[in-house]
Amino acid sequence: MATIKPFKAIRPAPHLADKVASLPYDVVNSEEARELVKGNSYSFLHVDRSEVDLDPSINLYDKIVYQKAKENFDKMLKEGVLIKDTEDYYYIYREIMDGRIQVGLVATACVDDYLNGIIKKHELTLPEKEEDRINHMDYCDAHTSPVFLTYKANQEIKDLLSSWVRGKNPIYDFVSDDGIRHTVWVINDRSLIDRITSIFKGIDYLYIADGHHRSAASVKIGLKRRQQHPSYDGSEEFNYFLSVLVPHDEVHIMAYNRVVKDLNGYSEEEFIDKVKEKFIVENYENKGPFNPTEKHTFGMYLSGRWYKLTAKESTFDSTDPIDRLDVSILQKNLLDPILGIKDPRRDKRIDFVGGIRGLEELERRVKTNMKVAFSIFPTTVDDLIAVADAGKIMPPKSTWFEPKLRSGLFVHELK
């Protein structure tokens with residue numbers, strides 16, 4: 001039984017929404033964020049990546065960075081760049097990318113649902129990244145970026161949201177620089193809000209799609225607030241965290257491709273011979289990069305040419321939700337035993353390229369500072385759910401979600 005709750009959103013003044021909305025903090029690095037905010041004092045990256053307003057030499061985890069985030073957040077509120085709704089609402093957030101429509105319900109999810117397994121996860125988190133978000137939330141006293149949750153599609157919820165937006169004016173409707181259209185409506189009808197809350201009580205599980213560090217940090221900051229307020233009754237805002245809930249059949253996952261710096265001492269001929277032990281290797285003669293169109297097939301770019309790799313059936317367990325993942329097959333049968341990459345989270349010889357950057361980016365990386373690249377068939381949302389239901393953890397960098405939820409369109413205060 002999933003518990004969600006409406007909330008009083010802090011959000012942009014309507015005429016500034018397109019300027020405030022920013023990519024998530026963990027999608028851009030500091031250098032990219034500094035470029036993105038040039039000429040845009042309204043960008044929410046001034047809050048989520050507040051080091052953009054400090055000297056580039058600053059330690060990203062210095063308390064000065066979090067103090068600056070709070071300062072910038074308060075300034076945006078004071079100057080009316082951000083406004084706060086006076087009632088608890090749900091919000092509908094629709095994104096359209098390349099003709100694909102993703103409709104999310106913006107709500108707050110329950111800390112206790114995370115703790116008791118109603119909200120399921122599929123990734124490990126890194127302590128230093130958790131601590132970063134805990135500090136950020138603590139200083140800002142708010143959740144500044146939403147967690148992307150999914151759930152098994154429910155037709156009644158779809159019908160209710162579709163019916164609500166019909167003929168109603170959105171509060172925001174703009175196209176971001178990457179061509180994605182963002183449209184937001186407020187649900188301010190009490191009976192509809194109550195109905196939506198009630199339907200979710202009949203949904204067994206929610207699944208974290210994107211935002212494992214944000215959700216883990218939100219839960220820990222909620223527990224910290226409970227210690228600070230021992231007489232809490234469970235209704236306080238710190239018992240909930242900012243979320244966008246999207247039905248599983250509207251979630252789009254792109255590939256998360258790999259590039260590797262060297263061949264671990266093998267010549268190219270030796271390397272290909274080793275690969276042939278676990279994969280069928282074919283020369284790819286068509287024009288352009290090889291883009292896998294089915295599971296268990298991979299592209300490999302080496303010395304200016306593409307190969308198609310097909311995993312031999314004996315190399316994975318099709319009944320195991322982890323072992324049958326293409327990212328697992330590649331790691332277990334090639335990256336680890338041949339290229340010597342035991343821990344892809346920490347090995348500096350491997351890098352990961354989100355599918356949104358295209359396969360040409362793999363070619364570019366190999367031509368500049370890498371030796372070999374691999375294109376992968378995307379992990380599916382059904383894979384994600386199967387892994388989470390089994391209580392298992394996906395390999396790192398298994399999923400790249402598009403479109404990205406924009407930060408700054410909704411903020412949830414902890415008080």
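Which residues does F271 touch, not counting residues up to four places away in sequence? They are L263, Y266, M300, L302, L334, I338, L339, V372 and F374. Contact here means heavy atoms within 4.5 Å.

This is a predicted model, in which local features need pLDDT of at least 70, side-chain atom pairs count only at pLDDT 80 or more, and totals for chains, interfaces and linings use all residues. Residues are numbered from 1 along each chain as its sequence is written, and side-chain values use heavy atoms, with hydrogens and water left out.

F271 is among the residues with the most contacts inside the largest nonpolar core. A nonpolar core is a set of buried Ala, Val, Leu, Ile, Met, Phe, Trp, Tyr and Cys residues joined through side-chain atoms within 4.5 Å. Buried means under 20% relative accessible area (1.4 Å probe, protein chains only). Another core lies apart from the largest one.

| Core | Residues | Members include |
|---|---|---|
| Largest nonpolar core | 94 residues | I187, F200, F271, L309, L334, L339 and F374 |
| Another core | 13 residues | L16, V20, F73 and M76 |

Next, a helix pair. Helices are DSSP runs (H or I, at least four residues), numbered from the N terminus. The axes of α7 (residues 155-165) and α8 (residues 190-200) come within 10 Å and cross at roughly 160°. Axes are lines fitted to C-alpha atoms over the stretch in contact, with angles from 0 to 180 degrees between N-to-C directions. The two helices are therefore roughly antiparallel (angles over 145 degrees). From α7, E156, I157, L160, L161 and W164 make the contact; from α8, L192, R195, I196, I199 and F200 do.

S218 lies in helix α9 (residues 212-228). S218 counts as buried because its relative accessibility is 3%.

Definitions and conventions
Parallel < 35°, antiparallel > 145°, perpendicular 65-115°, else oblique. Buried < 20%, exposed > 50% of the residue type's maximum accessible area, 1.4 Å probe, protein only.
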